[in-house]
Amino acid sequence: MCGIVGYVGSEPCARLLYEGLQRLEYRGYDSAGLAVHDGTEIHVLRAAGKIERLGRALAERPLPGTTGIGHTRWATHGRPNETNAHPHRVDGVALVHNGIIENHVELRRRLTAAGARIQSETDTELVAHLVAERMRGGLDLLAAVRAALAELRGAYALAVLARGEPGRIVVAKSGSPLVVGLAGDAAVCASDVPALLPWTRDVLALEDGEMAVLERASLRVYGPDGRAVDRPLRRIDWSPVMAEKAGFKHFMLKEIFEQPRAIEDTLRGRLDRAAGDVHGDEIGLDPALAQSVERVHLVACGTSHHAAMLGRWYIERLARVAANVELASEFRGRDPVVGPRDLVVAVSQSGETIDTLVAAREARERGAAVLGVVNVVDSAIARMADATFYTHAGPEIGVASTKCFTTQIVALLLFAIWLGRRRGTLPAARAAELVEGLARLPAQVHETLRATRQLVANLARRHADARDVLFLGRGPSYPVALEGALKLKEISYVHAEGYAAGEMKHGPIALVDASVPVFVVAPRDASYERVMSNLEEARARDGRVVAIVTEGDEAAARRCEAVVEVPACAEELSPVLTVLPLQLFAYFVADHKGTDVDQPRNLAKTVTVE
Ligand code: AGP
């Protein structure tokens, strides 16, 4: 998500850090900042918006010193403004952080009660307070950071300076990436390799639980038990462009493989496994509304609309509220019946899509409450909505949405569980099963991607010349079929249709012949037998059937040209797994054709025109 750089050496470092941050710009951010130690004092400079603003501020007010840390922030907790930008300075401590601190609410409460004056809305500032508190208690920086970490739950990569310890940076990592390295007489650190490449190619990726102390020409790494560990540096031979993509050929492929982590971040702090429930604090809706709401309208565009279709299914099934889903552009144009007993859920990765924004705003003007399910903090929909449930997928650079789709599904399922429990329509045991299933999901996503990548790449080569491709599914697999078709169209420019499998014989079956690949999304669920009949219909017309099935489905394997297996899971969770091979298929077809995968023709990442 955010970017970190750190430098301790003999050169004045503010410009070096700034250039390091520029090399992390591709990751997306909404504010940036630097803290530089001049040997006596720590100076902090921060700016909201584009990094050039920080550059201009730095030109006006150079920061002297040879030890410093820098950060580009992509907001997760709190608006993207200067106060929330990193580094956060508390007393003599300056700190930058990537990740999400799960127990930020309790920490804020505890620190406030202890008299801390907290300036920002961020979870990060709380960590700076914890470190400063320990240093006031007499600990040195390394010990103070270690003691503060013991109070944290969540994910972090941290880099910390202390006024009383010039020439030293302490870093720590758990869950979020952090690399350290030596560059001549400097020790350096960053969240991502590209920031370091002009300085050094000899780096070491810290493991979870590890900390390191960086000093001029010195790097000491400590294991989770606090003992020094001897870890060799590794030579990176990636080009700078490869490094930006973490070695992946395209951002889209990188983002597909980021899904386990992205989903983990969506779930972070929201599952109450002990109670088999979902923590509602962050949803921000009045629990009374859960009881009183009579109808839910989900509005969205494109991929987000497919996630919203699943949202409707979850809300009706688990919370027993009548729900409808509609393309935002159609909803706003048809003078819909909405009022004070309705809830409108606006689903949008960017939070800026004009049709979704206007549809939700118009519904709000008619008295409906609006919940945004959004990835970008403080985006237009988030600002307009009564409450926003963030997906926390991190910035998505590829125009074709992948990790934002699966995290939207997860967020909508969390919301439906929350609603169902408050309405008394979702039995505790069923909620607990879903919560456990969600907790297992990141590992299953990881495993599915690992196990299917090569198989799907081969399938893509085999079918790359197809003129038309059909995608079929029923129930929760129908939006997945639509999404599979949309992905293929967007990036490979192959004509593809997603259909409800039951609609086949009402028209699209006329398209099927031996030249048409037919992808059937058929996990073992309540629709399985009926989907298999539809699969037979396609087979009987010589369609080249590829099925996405639950592992071990030998019957399906015997009937199809190829099957791609995904792990068994609850019916509600299967879309998150079955869509993965379809994302990979679209990617590999496009790559085979040599299209511009990350920036397909005619498309924009954020659609702010009607
Ligand atoms: C997805 O791959 C597309 N690029 C597009 O359909 C997108 O989902 C749609 O424009 C909605 O965007 P939003 O989620 O930012 O509102």
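**Notebook: ligand shell and cavities**

I began with the ligand and noted that α11 (302-319) and α17 (477-492) each supply at least two residues of the shell around the ligand. The model is a predicted one, and I read every entry below with that in mind.

**Ligand shell**

Which helix gives the most to the shell? I found that α11 does, with 3 residues.

I then listed the neighbours. The ligand is surrounded by 14 residues, and the closest are Ser304, Ser348, Gln349, Ser350 and Thr353. Sorted by class, I get 8 polar, 4 nonpolar and 2 charged residues in this shell.

I looked up which atoms face the oxygen atoms of the ligand. For serine 304, a polar side-chain atom lies 2.5 Å from a ligand oxygen. For glutamate 490, I noted 2.8 Å between an N or O atom in the side chain and an oxygen atom of the ligand. As for cover, the ligand on its own has 410 Å² of accessible area, and the protein covers 91% of that.

**Cavities**

Rolling a probe the size of a water molecule over the atoms shows where empty space is left. How many cavities of 30 Å³ or more are there? I count 2.

The largest cavity holds about 70 Å³ of space. I wrote down its lining in chain order: Cys2, Arg73, Trp74, Thr76, His77, His86, His97, Gly99, Thr122, Asp123 and Thr124. By class, 7 of these lining residues are polar, 2 are nonpolar and 2 are charged. I assign Cys2 and Trp74 to the nonpolar class, and Arg73 and Asp123 to the charged class.

The second largest cavity holds about 30 Å³. I found it lined by Phe331, Pro336, Val338, Ala359, Glu362, Ala363 and Arg366. Which helix gives the most to this lining? I noted helix α13 (residues 354-365), with 3 residues. I then sorted the lining of the second largest cavity by class and got 5 nonpolar, no polar and 2 charged residues.

**Side by side**

I set the two linings next to each other. The largest cavity has 7 polar residues in its lining, whereas the second largest cavity has no polar residues there. Each lining has 2 charged residues.

Notes:
Residues are numbered from 1 along each chain as its sequence is written. This is a predicted model: local features need pLDDT of at least 70, side-chain atom pairs count only at pLDDT 80 or more; totals for chains, interfaces and linings use all residues. Side-chain values use heavy atoms; hydrogens and water are left out. On a 1 Å grid over the protein atoms alone, a cavity is a set of points where a 1.4 Å probe fits but cannot get out, and a pocket is an open set with protein on both sides within 12 Å along at least five of seven lines; lining residues have an atom within 4 Å of a point. Grid points are joined across faces, edges and corners, and a volume is the space filled by probe spheres set on the points. Helices (H or I, at least four residues) and strands (E, at least two) are DSSP runs, numbered from the N terminus. A residue is near a molecule or strand if one of its heavy atoms lies within 4 Å of it. A polar contact is a pair of N or O atoms within 3.5 Å; within protein, one must be able to donate a hydrogen and the other to accept it, and residues adjacent in sequence count only if both atoms are side-chain atoms. Accessible areas come from the Shrake-Rupley method with a 1.4 Å probe; for residues, only the protein chains shown count as cover.
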